[in-house]
Structures are given as C-alpha cells and as structure tokens.
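Please examine the sequence and the three-dimensional model shown below.

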Amino acid sequence: MRDIRCRTSHNDKAKSQKIVMVKRIAILGSTGSIGRNTLRVIDALGPAYQAVALSAHNNVELLAEQTKRYKPKLIAISNAACEKQLRNLVSGLDVKISAGPESLIELAQSDDADIVLTAIVGVAGLPAVLAAAKKGKRLAIANKEPLVVAGELLTRAVRENGCTILPVDSEHSAIFQAMQAGPREQVSRIILTGSGGPFRQASIEDIENVTPEQALAHPVWNMGPKITIDSATMMNKALEIIEARWLFDMPAEKIDVLIHPQSIVHSLVEFVDGSVIAQLGTPDMCLPIQYALTYPQRVAGISKHLRLDELGKLTFERPNVKTFRALPLGYEVARNGGTAAAVFNAANEAAVEEFLAGRIRFVSIVELIEHCLNKHNIKHTASLEELLEADAWARKEVKQRAQKHKSVRA
Ligand SMILES: NC(=O)c1ccc[n+]([C@@H]2O[C@H](COP(=O)([O-])OP(=O)(O)OC[C@H]3O[C@@H](n4cnc5c(N)ncnc54)[C@H](OP(=O)(O)O)[C@@H]3O)[C@@H](O)[C@H]2O)c1
C-alpha cells in the first residue's frame with residue numbers, strides 16, 4: 001500500500017500532515033455485475049481506493065469506458081480476438097493492454113495492486129486466482145468456482161504464501177464476520193441461508209418446462225445470468241456448501257442450509273454453547289464487496305441501512321431436496337472431494353450454457369450433472385492438471401448427452 005501525504009500547510013508540517021493509505025485494487029471481471037458494483041463502491045469510498053487494473057472477456061466497449069473513467073495502469077482482455085477493437089477504443093490513453101487468457105495472470109500478479117478482487121464467472125478465473133494466491137496478494141474472492149474446483153490447492157497456496165482471502169459472496173462474508181464472535185475451534189455449525197430462487201415453492205412437475213426467461217427472473221437479487229440460473233436450480237447453494245467447506249475448513253456435515261426468502265440474514269454461525277451469531281443487511285452486494293475492501297475497518301458506504309421494523313417478519317424453512325436435487329448432490333461432492341467437484345462444477349457450467357441457448361430443459365441441468373457424477377471415477381488427491389482434465393471430460397460429456405435431452409423450444 002502507498003502513502004499519500006496531503007500537506008495543507010507548509011508552516012506546521014507536524015500538525016497538517018495527514019497520512020492516507022491508498023488501497024490499489026485489481027478487478028478481474030470489471031464488466032460483470034460484481035465488477036460494476038465494485039467500481040460503484042470504489043467511487044463512494046473516495047480517493048483512498050483506486051482501481052488500478054481491470055479485465056473483461058468480450059465487453060470491450062464497457063472496458064474502454066471504465067478505462068477512460070478510472071485511468072487504470074493495466075487492462076486485460078482475455079478473449080484475444082477483441083484486442084484490436086479494444087486498442088482502437090483506448091488509443092491515446094496511458095494504459096498497458098494485455099490480451100488472451102494469460103493476461104489475467106499478469107493482472108492478478110501485478111505489483112501495482114494490493115487487493116485482487118476476482119469476479120470472473122466460472123472456472124475460467126481459476127489460474128488467475130491461484131496466481132494471485134501464489135504472489136501473496138490480498139484476495140477478495142467473489143467467484144466461487146475456483147474454490148469449488150480446486151479448494152485444496154488454492155487454500156494450500158494461500159497458507160504457503162501468506163495470502164489473505166476475504167470472501168465477497170454475501171453468505172461467506174456473513175460467516176466470516178460472524179466467526180469473529182469466538183475462537184474457531186468453538187464453532188459447531190455453519191448455517192448458509194438462501195432465498196430459494198424463483199421456484200422455491202415449486203414441485204418437480206411445476207419446473208419441468210420453465211423457460212430461460214422465467215428462470216432468469218430472480219425475486220430478490222440482480223446478478224449475472226449464470227449465477228441466476230444456479231440460484232433457480234439451487235446449484236448456487238450446492239456450490240456454496242463446497243466453497244464454505246474450503247474457506248472455513250468445515251466438514252460438510254457441519255454445514256446446514258436454510259431457506260430465507262427475504263435475504264436479510266445472510267448466514268449464521270452456531271457456537272458450542274448454543275449461541276447463534278448472524279450477519280444481517282439489505283440484499284445488496286455492495287455491502288460484502290465494501291467490507292472485503294476496507295477490512296478490518298468498517299466505513300459508511302452506499303448500501304441502504306436495514307430497517308427491521310419496516311420488514312415486519314423474517315421467515316426460515318427447510319429446503320425442498322426432492323425438487324432441488326442439486327443440494328444433496330452438493331453434500332455428496334463436498335464429502336467426496338478430489339475430482340468430483342471439478343466434474344460437478346464443469347457439468348453445471350456446460351448444462352447452464354445449453355439451457356440458456358434453449359437446447360435442453362431446465363430439469364435436464366441437474367440430470368446431466370448427476371449423470372456425469374455417476375459416470376466419473378473420482379481421484380481423491382488431484383493435481384491441477386487432473387482437475388482440469390476432469391473438467392474438460394464433464395463438459396464434453398454434457399455436450400454429447402445434451403443432444404438426447406429435449407429442448408424447451410422444441
Ligand atoms: N452477481 C452477484 O450478485 C454475485 C453474488 C455472489 C457471487 N457471485 C459470483 O461472482 C462471479 C461473477 O458473477 P457475476 O454475476 O458478476 O457474473 P457476470 O455479470 O456474468 O460477469 C462475469 C465477468 O467475467 C467475465 N468473463 C466471462 N467469461 C470469461 C472468461 N471465459 N474469461 C475471463 N473473463 C470472463 C465477464 O466479461 P465480459 O463482460 O466481457 O463478458 C464479466 O466481466 C461468479 O462466480 C458468481 O458466482 C456473484
């Protein structure tokens with residue numbers, strides 16, 4: 001972190017010299033929902049927080065706009081085919097441009113950044129997240145997929161390189177905050193909450209033929225398309241169980257899921273004495289993003305303050321595991337570990353893509369994931385190469401098998 005010494009008077013240096021620690025932030029995925037919210041948070045935090053590096057995959061127009069506004073030192077476009085267009089759009093600006101998947105690693109390891117906030121959707125962000133951990137960066141992690149797929153490798157890299165992980169996912173940020181109420185060994189249970197998504201009260205028959213448009217209409221959160229579909233299938237909660245397993249070193253049997261449609265209690269931690277500590281707030285990702293940037297400080301921000309009296313009541317219910325098969329599958333994968341998680345995640349990413357393109361039905365997403373898990377021989381201690389092999393196998397398997405599943409539009 002860099003000091004900015006602001007001198008208001010030349011005569012009385014001792015009194016007037018105010019030291020401001022500038023936090024320099026690299027945002028992987030600055031054009032996405034989390035990335036854009038991070039820039040809103042940085043705007044509100046003022047000059048002590050600077051966006052020094054930004055990345056996008058396809059959205060060159062928005063990346064160019066952000067470059068003009070935030071004046072980062074480095075920008076990365078991971079889809080190399082977009083490089084020329086980006087160069088044209090930012091010509092004349094004093095910024096280094098990198099292109100291709102490797103550019104994300106350069107950005108994640110940049111000496112210009114103190115904090116690397118990772119918000120790339122899917123496993124595509126894994127190499128860069130690992131690279132940031134190996135460089136000992138402070139890692140504000142929004143994308144759960146790298147932790148799900150390579151939780152063991154990533155947490156080891158974090159330990160060995162003195163890296164700090166600060167969760168941005170609202171549930172994991174809540175757990176991280178609630179855990180500060182007592183010693184780690186006195187935590188008896190983690191309780192993840194979830195809104196239940198748009199089909200919370202539906203039966204399997206009700207959701208058989210829902211369209212992408214219906215599944216994309218989340219009742220509470222406004223997020224990118226992949227995580228919105230994950231919320232509708234409850235794969236998001238299943239991935240979060242595995243994410244929590246690695247982030248907090250908790251066995252799957254000590255992680256519970258509760259449906260809480262109002263999304264005000266973001267998660268809870270139970271201690272051995274029976275006390276349950278929760279973190280509450282309005283459903284707004286700016287709050288966990290800001291906490292990850294300012295930690296351990298808390299500062300006034302843009303998130304609306306909670307008025308419990310205006311809300312009336314908060315409700316909790318058990319999840320419907322008959323309709324939402326993803327949840328029991330998530331527990332099974334969290335217990336098995338190894339390559340199972342890579343298959344689980346990749347099959348989901350590929351199936352969501354098929355569903356959004358209208359090639360398979362909504363219920364086929366979880367059927368395809370289950371099919372891949374059943375067919376896969378788990379390797380319990382896996383290298384990065386083996387995890388990526390399992391990932392590639394599952395994607396191929398889903399593509400082939402998807403052709404046999406009926407499209408919603410057929
Ligand atoms: N949105 C939320 O409220 C929320 C909450 C909790 C956790 N998360 C997690 O945060 C992550 C991001 O979610 P999001 O909703 O912000 O997603 P999003 O809106 O779809 O944005 C994804 C970002 O990743 C970039 N990207 C897409 N494919 C890429 C690839 N192959 N290589 C490199 N970059 C790529 C996109 O660039 P382009 O714009 O150029 O395509 C964009 O900047 C996900 O892991 C999600 O689970 C999100």
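The largest cavity holds about 130 Å³ of space. A cavity here is a set of points, on a 1 Å grid over the protein atoms alone, where a 1.4 Å probe fits but cannot get out; grid points are joined across faces, edges and corners, and the volume is the space filled by probe spheres set on the points. The model is predicted, so that local features need pLDDT of at least 70 and side-chain atom pairs count only at pLDDT 80 or more, while totals for chains, interfaces and linings use all residues. Residues are numbered from 1 along each chain as its sequence is written, and side-chain values use heavy atoms, with hydrogens and water left out.

Helix α7 gives the largest share, six residues. By class, the lining has 11 nonpolar, five polar and one charged residues, where Ala, Val, Leu, Ile, Met, Phe, Trp, Tyr, Cys and Pro count as nonpolar, Asp, Glu, Lys and Arg as charged, and the others, Gly among them, as polar. In the whole structure, a search finds three cavities of 30 Å³ or more.

Attention now turns to a pair of helices. Helix α16 (residues 339-356) packs with helix α18 (residues 384-402) at an angle of about 35 degrees, and their axes are 8 Å apart. Axes are lines fitted to C-alpha atoms, for helices over the stretch in contact, and angles run from 0 to 180 degrees between N-to-C directions. The contact (heavy atoms within 4.5 Å) includes Ala346 and Ala350 of α16 and Leu387 and Trp393 of α18. By class, this contact has 12 nonpolar, one polar and seven charged residues.

Some individual residues remain. Aspartate 169 forms a salt bridge with lysine 144, with the closest N and O atoms 3.0 Å apart; a salt bridge is a side-chain nitrogen of Lys or Arg within 4 Å of a carboxyl oxygen of Asp or Glu. A cis peptide bond, with omega about 5 degrees, joins tyrosine 295 and proline 296. Methionine 234, although not a glycine, has a positive phi of about 70 degrees; methionine 234 is placed in the loop between α11 (225-233) and α12.

Key. 1 Å grid on protein atoms, 1.4 Å probe; cavity = no way out; pocket = protein on both sides within 12 Å on 5 of 7 lines; lining within 4 Å. Helix = DSSP H or I, 4+ residues; strand = E, 2+ residues; numbered from the N terminus.
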